[in-house]
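Hello,

Here is the structure I promised to pass on. Please open it alongside this note; my findings follow below.

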Amino acid sequence: MQAVVFPAPETITIETVPDPTCAPDEVIVQVARTGICGTDVHIYRNEYMSNFPIIPGHEFGGMIVEVGKNVTDFQKGDRVAADPNLYCGHCYFCRNEQANHCLNWQGVGITRPGTFAQFVAVPAKACYRAPDSLTDTQLAFIEPLSCVVHALNRFRVWPGDEVLIFGAGPMGLILVQALRHSGASQVVVVEKQPDRLALAAQLGATTTVLVGPDQDVVLKALAPYGYAVVVDATGIPAVIEQAFDFLKPRGQFLQFGVTPITASIQLRPYDVFRNDWTIIGSFALCYTFERSIAWLANGVVDVTPLISHTLPLTDFPAVFHHFAAGKTLKVHLQP
Ligand SMILES: [Zn+2]
Ligand SMILES: [Zn+2]
């Protein structure tokens with residue numbers, strides 16, 4: 001089959017590789033759509049937990065073409081998405097409702113071959129059957145949406161809260177839509193690209209603010225006492241450092257964007273103490289696929305406007321660099 005391979009950091013090839021073989025508890029899925037994610041960029045730059053060579057890709061949907069001999073609940077022809085986070089089910093964290101911290105965690109497209117390929121092998125227990133009403137595009141959004149569901153499970157938005165989101169990339173734009181349903185009074189979005197801000201407004205942001213010299217004055221005027229919830233969806237350390245300037249006393253800060261592993265910021269512990277702040281992390285997802293599917297099936301989150309490109313696998317190298325430079329929104333590949 002044809003696959004995208006990162007043979008080493010900062011290197012991309014399109015190769016013919018052997019088709020995956022189906023282990024007894026696994027299925028083989030023919031990939032219909034698969035999305036490029038910021039995590040893939042971190043993997044490419046060797047800023048994440050992958051080893052090389054790797055076939056990247058973890059956001060996808062497709063059709064089962066082969067089932068392992070122990071698989072009883074899926075059949076050939078089933079349309080599925082799969083949770084790329086593979087949990088062992090028997091470690092301390094799996095048995096304590098924190099499967100995303102599984103001590104034996106494996107990731108499709110992270111630690112084992114991923115979905116930028118015609119076929120991928122995944123454990124049957126990671127698969128979710130898709131409602132017929134969902135398009136292939138929507139299937140490939142179940143995973144990123146599940147990460148937003150997990151993030152929202154990590155904290156509480158109180159009725160009337162002011163929400164401030166830094167970054168209107170594909171994930172920021174999903175967060176905008178999800179937080180519009182949370183009871184927040186304002187969902188304010190800060191972003192440096194005007195076209196992304198226009199989309200944020202279309203998808204429910206109450207105010208959009210262009211990054212620039214006036215930004216701080218505008219943000220302070222919108223919420224003079226600060227924002228009850230501040231979300232980083234950029235993963236940029238300088239943005240994160242500055243985001244705390246807008247957090248209200250007793251506010252909750254959500255670190256959603258993925259920074260390079262070694263990045264650091266300066267934060268005064270006194271400010272955390274004096275302001276009753278809560279700082280929240282949100283890693284991947286944790287059995288949140290069903291809720292994500294429910295959002296999509298009921299039209300709560302519209303993902304169609306988030307796609308800027310749908311391309312064949314062979315276009316991966318060129319479009320990947322555009323994606324990494326922030327010049328595209330979500331890119332889907334059709335292997
Ligand atoms: Zn992702
Ligand atoms: Zn485990």
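Helix axes here are lines fitted to C-alpha atoms over the stretch in contact, and angles run from 0 to 180 degrees between N-to-C directions. Please keep in mind that this is a predicted model.

Start with two helices. The axes of α3 (residues 142–153) and α9 (residues 289–297) come within 8 Å. They cross at roughly 110°. Angles of 65 to 115 degrees count as roughly perpendicular, so α3 and α9 are roughly perpendicular to each other. On the α3 side, I142, L145, S146 and V149 make the contact. From α9 come F289, R291, S292, I293, W295 and L296. By class, that contact of α3 with α9 has 7 nonpolar, 2 polar and 1 charged residues.

Which strand pairs with β12? β11 (residues 186–191) does, in the parallel sense, over 4 bridges. V189 has T208 in β12 as its bridge partner.

Last, another strand pair. β16 (residues 307–312) and β17 (residues 330–334) run parallel, joined by 5 bridges. L311 has L333 of β17 as its bridge partner. Between β16 and β17 the chain crosses through helix α10 (residues 316–324). This β-α-β crossover is right-handed.

Best wishes

Definitions and conventions. Residues numbered from 1 in each chain as written. Chains lettered and ligands numbered in written order. Predicted model: local features only at pLDDT ≥ 70, side-chain atom pairs only at ≥ 80, totals over all residues. Parallel < 35°, antiparallel > 145°, perpendicular 65-115°, else oblique. Contact = placed C-beta atoms within 7 Å. Nonpolar A, V, L, I, M, F, W, Y, C, P; charged D, E, K, R; others polar. Pairing = 2+ DSSP bridges. Right-handed = clockwise from strand over helix to strand, strands pointing away.
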